[in-house]
Amino acid sequence: MIQMERRADAILTFFVVLAVAAGLSLICAVPDLHDLAVRYEAVSDEERSVWGGSVLALLRDDSQMLELSENDDMLAMHQLRLELPASVEAASLSYASDPMRRTFTITIPGISATYFYDFPMVGRADHIVDLFFDYHEGSGTVVLEMDGIFELSSIADGRYVYLDFPTPRELYDYIVVLDAGHGGRDVGAYKDEIAEKDLDLQIVLKMKEILTQDGENIGVYYTRTDDTNPSLQDRAALANEVGADLFLSVHNNSTASGRMSGIHGTEVMYYVADKTEGSKKFAECVLDHLLDDLGSESKGLVAGDAIYIIRTAQMPVALAEIGFMTNKEELALLSSDEYQQKAAQAMVDAIYETLGIDD
Ligand SMILES: [Zn+2]
């Protein structure tokens with residue numbers, strides 16, 4: 001709410017910003033750069049306690065040029081330029097990306113609250129829809145909100161850091177989205193004080209470790225890596241927007257009654273209506289690898305067309321139910337690091353096989 005209002009009144013203060021930017025820099029406009037100016041707005045302590053800081057509203061208008069104090073050939077080749085005070089090393093900056101929220105967070109230690117006044121960020125606003133600046137105890141945080149899923153690359157050159165936002169396709173040979181089921185208040189199945197959301201996440205995080213170590217040129221995106229619960233729409237949107245080659249959701253099963261029973265085993269859901277049979281082939285591959293590595297009983301391939309993320313996925317999709325939490329023995333296995341590790345490895349192998357990667 002607060003942010004929306006602030007954006008609306010940003011236009012009114014545009015000329016003030018230009019005046020500030022122009023006042024700090026001199027002469028020599030760099031051609032073909034869209035203007036990107038930022039507005040620093042001090043907030044009261046009361047506001048700060050409510051939502052955490054000051055805000056920079058991104059002001060964008062292709063017709064306006066920000067005047068720069070020098071020609072910068074590097075800036076002509078890159079999208080954005082951050083300038084650092086002499087006391088701040090480029091290597092001390094840290095970068096985090098949150099593809100679910102389409103944001104990047106850049107943390108700059110050792111700057112002052114007026115950082116953006118003193119060192120305006122310049123460059124092009126392409127794909128950036130909003131920008132915030134928070135300042136806390138000697139450290140500033142810049143959050144860039146993008147209009148899609150991008151990666152962030154940075155190059156340091158003296159006191160400047162140049163930023164670019166390549167698409168995942170520009171960087172990776174393959175793109176995979178992994179989805180740990182449930183999360184947050186949605187615990188999924190729950191048995192003997194064990195929540196399915198935790199098992200699902202533990203297995204996906206083990207897959208993440210394997211994929212990182214293997215170092216294949218695969219862009220892997222996660223719907224969650226902690227105890228949050230993105231909506232089903234957001235999960236499917238991540239896979240569709242990033243243009244994933246494969247989309248795999250990891251769950252664990254329970255009988256309908258939720259009572260302990262003898263029913264156990266592994267099943268994988270797929271999209272029956274997918275005429276290319278890409279979903280079925282992928283699901284079959286996941287199931288085969290899980291059965292081989294876990295030695296679990298096959299519950300087979302199951303139609304998943306009623307599941308939102310399956311029917312809306314625009315790429316081969318599979319939803320693995322690793323085992324039954326309502327079976328005492330299988331629940332003990334599912335809770336063990338060793339079994340989780342096997343399941344994670346099996347699914348990574350299935351992904352490699354489906355993508356045609358020799359590992
Ligand atoms: Zn589940």
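The model is predicted: local features need pLDDT of at least 70, side-chain atom pairs count only at pLDDT 80 or more, and totals for chains, interfaces and linings use all residues. Residues are numbered from 1 along each chain as its sequence is written, and side-chain values use heavy atoms, with hydrogens and water left out. The protein chain has twelve helices and 18 strands. Helices (H or I, at least four residues) and strands (E, at least two) are DSSP runs, numbered from the N terminus.

**Overall make-up**

- Of the 359 residues in the protein chain, 50% count as buried. Buried means under 20% relative accessible area, exposed means over 50%, and partly exposed lies in between (1.4 Å probe, protein chains only).
- Take the contacts in the protein chain between residues at least 6 apart in sequence: 74% of them join residues at least 24 apart. Contact means heavy atoms within 4.5 Å.

**The six-strand sheet**

- Six strands make an open sheet with mixed pairing, in the order E14-E11-E15-E18-E16-E17. Two strands pair if DSSP finds at least two bridges between them.
- Strand E14 (218-222) and strand E17 (298-303) are at the edges with a single partner strand each, so one side of each has no neighbour in the sheet.
- Neighbouring strands of this sheet are turned by 20° against each other on average, direction ignored. Axes are lines fitted to C-alpha atoms, for helices over the stretch in contact, and angles run from 0 to 180 degrees between N-to-C directions.
- Strand E18 (residues 317-324) is mostly covered, with eight of its eight residues buried.
- E15 and E18 pair in the parallel sense over six bridges. In E18, Glu321 is the bridge partner of His251.
- Strand E16 (residues 266-270) pairs with E18 in the antiparallel sense over four bridges. Here Glu267 stands opposite Glu321 in E18.
- E16 also pairs with E17, in the parallel sense and over five bridges. Val268 has Leu301 in E17 as its bridge partner.

- H12 lies across E11, E14, E15 and E18 and runs at about 155° to E15.
- Helix H9 (residues 278-294) and helix H12 (residues 337-355) also pack on each other, at an angle of about 145° and with axes 8 Å apart.
- H9 passes H12 in a right-handed crossing. A crossing is left-handed if the near helix is turned anticlockwise from the far one by less than a right angle, and right-handed if clockwise.
- Residues making this contact include Phe282, Val286 and Leu290 of H9 and Tyr339, Ala343 and Ile351 of H12.

**The four-strand sheet**

- Another open sheet has four strands in the order E4-E5-E8-E7, with antiparallel pairing.
- Strand E4 (94-98) and strand E7 (128-136) stand at its edges; each has a single partner strand, so one side of each lacks a neighbour in the sheet.
- The twist averages 15° from one strand to the next.
- E7 pairs with strand E8 (residues 139-146) in the antiparallel sense over eight bridges. Tyr135 stands opposite Gly140 in E8.

**The zinc site**

- The protein donors of the zinc ion are His182 (NE2), Glu196 (OE), Glu196 (OE) and His251 (ND1), at 2.1 to 2.7 Å from it. Donors are N, O and S atoms within 2.8 Å of the metal (3.2 Å for Na, K and Ca); water is not among the atoms, so sites may look incomplete.
- The four donor atoms subtend angles of 52 to 146° around the zinc ion, so the arrangement is irregular. Four donors count as tetrahedral if all angles lie between 85 and 135 degrees; four count as square planar and six as octahedral if opposite donors are over 155 degrees apart and all others between 65 and 115; anything else is irregular.
- In sequence, the donor residues are spaced H-x13-E-x54-H.
- His182 lies in the loop between strand E11 (174-180) and strand E12 (190-191), and His251 in strand E15 (residues 246-253), 69 residues apart; the pair links distant parts of the chain.
- Both His182 and His251 are buried. The relative accessible area of His182 is 17%.
- Leaving aside neighbours within four places in sequence, His182 has contacts that include Glu196, Asp200, Arg224 and His251.
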